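I open a page on this chain and begin with its surface, then go on to the overall fold and the sheet.

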Amino acid sequence: EEDLAGRGRDIGPPHITVRYGIQGDDVSAIKSLLITQSPIAVTLGPTSSFPPSATRDVAVVIATIECPELQALHLRLGEVIEFVEPTHEYEPHVTVAYVRPEVAEKYVGNQITAGHRFVISEAVIRTKSKGETIVTLNG
């Protein structure tokens, strides 16, 4: 508890961001791509962390993800619609908590998440003006 910072564990429901910052409101190309996508099997790796950034003054503890399909989907999404320019290389992960930067290193390499598997069967497209659209991966 004493290591938590910012929103701490208030990270919302567990999720994996595949692409961030849709330009515009037309998500039809994203929906068309996602409905052709088969469900994606994911294996979590050990924990790691992201350092603070220009928009976030806390460190982010994550569970890494070993999944080439997510990398491929990230690239394919960029081919069908325009997104904001990324500020860092895409690294699939699940956010675990926000912590004070000076303590983040002690959470790197923890094996508690390693080996856990699950299947992604739906995706959420989120825009400011249209809210959320849930798409089942049917491919």
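I looked up the accessible surface of the protein chain first, which comes to about 8,700 Å², with 53% of it belonging to carbon and sulfur atoms; such areas come from the Shrake-Rupley method with a 1.4 Å probe, and for residues only the protein chains shown count as cover. I note that this is a predicted model, in which local features need pLDDT of at least 70 and side-chain atom pairs count only at pLDDT 80 or more, while totals for chains, interfaces and linings use all residues. Residues are numbered from 1 along each chain as its sequence is written, and side-chain values use heavy atoms, with hydrogens and water left out.

Next I checked the secondary structure, and I find 2 helices and 6 strands in the protein chain, taken as DSSP runs numbered from the N terminus (helices H or I, at least four residues; strands E, at least two). Along the sequence they follow the pattern α-β-β-α-β-β-β-β.

I then turned to the sheet, where 4 strands form an open, antiparallel arrangement in the order E3-E2-E1-E4, two strands being paired if DSSP finds at least two bridges between them. Strand E3 (93–99) and strand E4 (117–120) stand at the edges, and because each has a single partner strand, one side of each is left without a neighbour in the sheet.

Looking at one pairing, I see that 6 bridges join strand E1 (residues 40–50) to strand E2 (residues 59–66), which run antiparallel; the bridge partner of Leu-44 in E2 is Ile-65.
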